[in-house]
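Dear colleague,

Please find below the structure that I am handing over to you, with its sequence. My notes on what was found in it follow directly after.

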Amino acid sequence: MLEIKSFVFGPFQTNTYVITINEQKVLVVDPACYTPYEQQQLFQYVENQQTVCPNPVSIIATHGHLDHLWGAKWATETWHTPVLIHERDIPMVHLMQQQYDLFGVRMQAESFPIEPLHSPFSILHSQFSTLHSQFSIIETPGHTPGGVSLYFPQDKVLFSGDTLFRMGYGRTDLPEGNIGQLIESLETLFALPPDTRVYPGHGEITTIGAEKR
């Protein structure tokens with residue numbers, strides 16, 4: 001059984017989710033906390049969950065855009081664990097300053113080592129062999145080359161990142177976007193049961209059935 005807590009963080013109103021799985025595992029999806037106050041909100045909730053679920057926290061990024069990773073460096077230092085991200089989006093992370101410049105963000109992006117083994121960002125699939133029975137990672141490129149969605153079949157819950165929104169889908173006019181891939185990714189998600197609840201990277205919760213119409 002899942003316990004899901006959502007936060008809306010940062011200037012782009014990005015959803016961060018904390019998922020507690022069967023009181024055994026805590027996942028932070030898209031650490032978007034932008035300010036110290038937002039970081040403290042996330043920290044307090046996760047710490048409270050760990051009193052019930054005293055296992056290490058895992059951090060997952062659905063893709064490599066800046067607004068989903070505002071709090072990545074803070075999160076890795078706080079919970080002593082890497083942010084797990086698809087390997088195809090690691091180059092995007094290492095060029096984060098270009099994203100800041102593109103969106104006019106007047107901050108210095110956090111720099112990370114180039115080698116994935118020494119970076120706080122790591123390749124996603126190898127980290128979750130023990131949890132594959134509880135959720136699967138669906139590759140959903142298009143918005144970015146390495147976009148992923150997290151699907152919990154028993155609970156019929158999908159965390160779709162910026163691939164699928166309520167009454168919308170991810171933009172493909174940013175660098176590395178690909179409309180053909182996004183269409184294929186949406187077709188993959190629309191094959192899920194229609195009553196699957198969708199927790200998107202921005203906006204409100206929806207269902208596969210509502211968006212497939």
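Is His80 buried or exposed? With a relative accessibility of 72%, above the cut-off of 50%, His80 counts as exposed. Please bear in mind throughout that this is a predicted model.

**His80 and helix H2**

His80 belongs to the loop that runs between H2 and E5. This residue comes after H2 and has a positive phi, near 50°. Its C-alpha atom is separated by 8.6 Å from that of Val57, a residue 23 positions away along the chain.

Within H2 itself, the buried residues include Ala72, Trp74, Ala75, Thr76 and Trp79.

**The nonpolar core**

The largest nonpolar core comprises 29 residues. Val18, Leu42, Val46 and Trp79 are the members with the most contacts inside it. Two or more residues come from each of E1, strand E3 (25–29), helix H1 (36–52), E4, H2, strand E5 (83–85), helix H3 (90–94) and helix H4 (96–102). The element that gives the most to this core is H2, with 4 residues.

**Aromatic residues**

There are 13 aromatic pairs in the structure. One of them is formed by Phe7 and Phe9, which are stacked, with 5.2 Å from centre to centre and 15° between the planes. Phe7 and Phe9 are both buried.

A further pair joins Phe12 and Trp70. Their ring centres are 5.9 Å apart and their planes meet at 65°, so the pair is edge-to-face; the cut-off for that class is an angle over 60 degrees. This pair links distant parts of the chain, as Phe12 lies in the loop between strand E1 (2–9) and strand E2 (14–21), while Trp70 lies in the loop between strand E4 (57–60) and helix H2 (72–79), with 58 residues separating them. Phe12 is classed as partly exposed because its relative accessibility is 30%. Trp70, in contrast, has 11% relative accessibility and therefore counts as buried. Both residues belong to one aromatic cluster, together with Tyr34, Tyr100 and Phe103.

Phe7 has a charged neighbour as well: the charged end of Lys5 sits over the Phe7 ring, 5.5 Å from the ring centre.

**Salt bridges**

The count of salt bridges comes to 5. Besides the one in H2, two further examples may interest you.

Where do the partners Asp195 and Lys156 lie in the chain? Asp195 is in the loop between H5 and strand E12 (197–200), and Lys156 is in the loop between strand E8 (148–152) and strand E9 (157–161), so their pairing ties together parts 39 residues apart in sequence. The two side chains meet in a salt bridge with an N to O distance of 3.1 Å. Asp195 is partly exposed, given a relative accessible area of 44%, and Lys156 counts as partly exposed too, at 33% relative accessibility.

Asp173 and Arg171 form another salt bridge through their side chains, at 2.7 Å from N to O. Here Asp173 counts as exposed because its relative accessibility is 56%, whereas Arg171, at 43%, counts as partly exposed.

**A nonpolar patch on the surface**

Which residues form a nonpolar patch on the surface? Tyr169, Ile179 and Ile183 do so, and together they have about 310 Å² of accessible area. Ile183 is located in helix H5, which spans residues 179–190. With a relative accessible area of 44%, Ile183 is partly exposed.

Yours sincerely

Methods. Residues numbered from 1 in each chain as written. Predicted model: local features only at pLDDT ≥ 70, side-chain atom pairs only at ≥ 80, totals over all residues. Heavy atoms only, no water. Patch = residues over 30% accessible without salt bridge, like charges linked within 9 Å, V, L, I, M, F, W, Y side chains within 5 Å. Areas by Shrake-Rupley, 256 points an atom, 1.4 Å probe, with all protein chains shown as cover. Salt bridge = Lys/Arg side-chain N within 4 Å of Asp/Glu carboxyl O. Buried < 20%, exposed > 50% of the residue type's maximum accessible area, 1.4 Å probe, protein only. Phe/Tyr/Trp six-rings, centres within 6.5 Å; stacked < 30°, edge-to-face > 60°. Lys NZ or Arg CZ within 6 Å of the ring centre and 35° of its normal. Core = buried A, V, L, I, M, F, W, Y, C linked by side-chain atoms within 4.5 Å.
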